[in-house]
Amino acid sequence: MDIETIQQAAQDVIDNGAKITDADELETIILLLRGMIMVLIPEVEKGLAEHPKNHTPSICARAGITEARTRAHIVPGSDIPQLVGHAQRLARGVLALIRHHRKLGGAA
């Protein structure tokens, strides 16, 4: 898994998502971000297995996983601003999962 590429792609959506005006492109981006979340969650969970449940970064990571799963299952509206907002929220979830992965000792 190339964390750096995933991170850059998510950051690009946050930085430039509002410039995207094509609904089909946004829907594709949303699907890609959901896929990134589904790939990252098991990686973070592997890191959780290495630490006790009361380990503060583990507690935060569990909350981050729950939040990312929730965001990944939300069905956005169909107009451009709603799609952009949803894509950017997913991208922030991706970045949060990457941070949790690293704090739990995952490879960069």
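Arg69 is partly exposed, with a relative accessible area of 36%; the term covers values between the buried class, under 20% relative accessible area, and the exposed class, over 50%, with a 1.4 Å probe and protein chains only. The side chain of Arg69 meets that of Glu45 in a salt bridge, at 3.0 Å from N to O. A salt bridge here is a side-chain nitrogen of Lys or Arg within 4 Å of a carboxyl oxygen of Asp or Glu. Glu45 belongs to helix 2 (residues 23–48) and Arg69 to helix 3 (residues 56–73), so the pair ties together parts that are 24 residues apart in sequence. Glu45 is likewise partly exposed, at a relative accessible area of 34%.

The model is predicted: local features need pLDDT of at least 70 and side-chain atom pairs count only at pLDDT 80 or more, while totals for chains, interfaces and linings use all residues. Residues are numbered from 1 along each chain as its sequence is written, and side-chain values use heavy atoms, with hydrogens and water left out.

The protein contains four helices and zero strands, and its elements follow the order α-α-α-α from the N terminus. The radius of gyration is 14 Å, close to the 13 Å that the globule rule gives for 108 residues, so the protein is as compact as a globular protein of that length. That radius is taken over C-alpha atoms, and the rule is 2.2 Å times the number of residues to the power 0.38. Helices (H or I, at least four residues) and strands (E, at least two) are DSSP runs, numbered from the N terminus. Along the principal axes, the C-alpha atoms fill a box of roughly 45 × 25 × 15 Å.

Of the 108 residues in the protein, 37% are buried. Among contacts between residues at least 6 apart in sequence, 76% join residues at least 24 apart; a contact means heavy atoms within 4.5 Å. The protein exposes about 6,100 Å², of which carbon and sulfur atoms supply 56%. These areas come from the Shrake-Rupley method with a 1.4 Å probe; for residues, only the protein chains shown count as cover.

The protein has 12 positive and 13 negative side chains, and the centres of the two sets lie 10 Å apart. In this count Lys and Arg are positive and Asp and Glu negative, with His and the chain ends not counted. Each charge is placed at NZ of Lys, CZ of Arg, CG of Asp or CD of Glu.

Side chains of opposite charge can pair when their charged atoms come close. The structure holds four salt bridges. One of them joins the side chains of Glu4 and Arg102, at 2.6 Å from N to O. This pair links distant parts of the chain, Glu4 in helix 1 (residues 3–16) and Arg102 in helix 4, 98 residues apart. Glu4 is partly exposed, with a relative accessible area of 44%, and Arg102 is also partly exposed, at 29%. A further salt bridge joins Glu67 and Arg71, at 3.0 Å from N to O. Glu67 and Arg71 both lie in helix 3, four residues apart, which is about one turn of the helix. Glu67 counts as partly exposed, at 39% relative accessibility.

Ser58 lies in helix 3 and is buried, with a relative accessible area of 0%. Not counting residues up to four places away in sequence, Ser58 touches Leu48, His51, Pro52 and Leu104. His100 is placed in helix 4 (residues 80–103) and counts as buried at 15% relative accessibility.

Leaving aside neighbours within four places in sequence, Ile59 is in contact with Lys53 and Asn54. Ile59 and Ile6 are 53 residues apart in sequence and 23 Å apart in space, C-alpha to C-alpha. Thr5 lies in helix 1 and is partly exposed, with a relative accessible area of 48%. The C-alpha atoms of Thr5 and Lys46, 41 residues apart along the chain, are separated by 20 Å.
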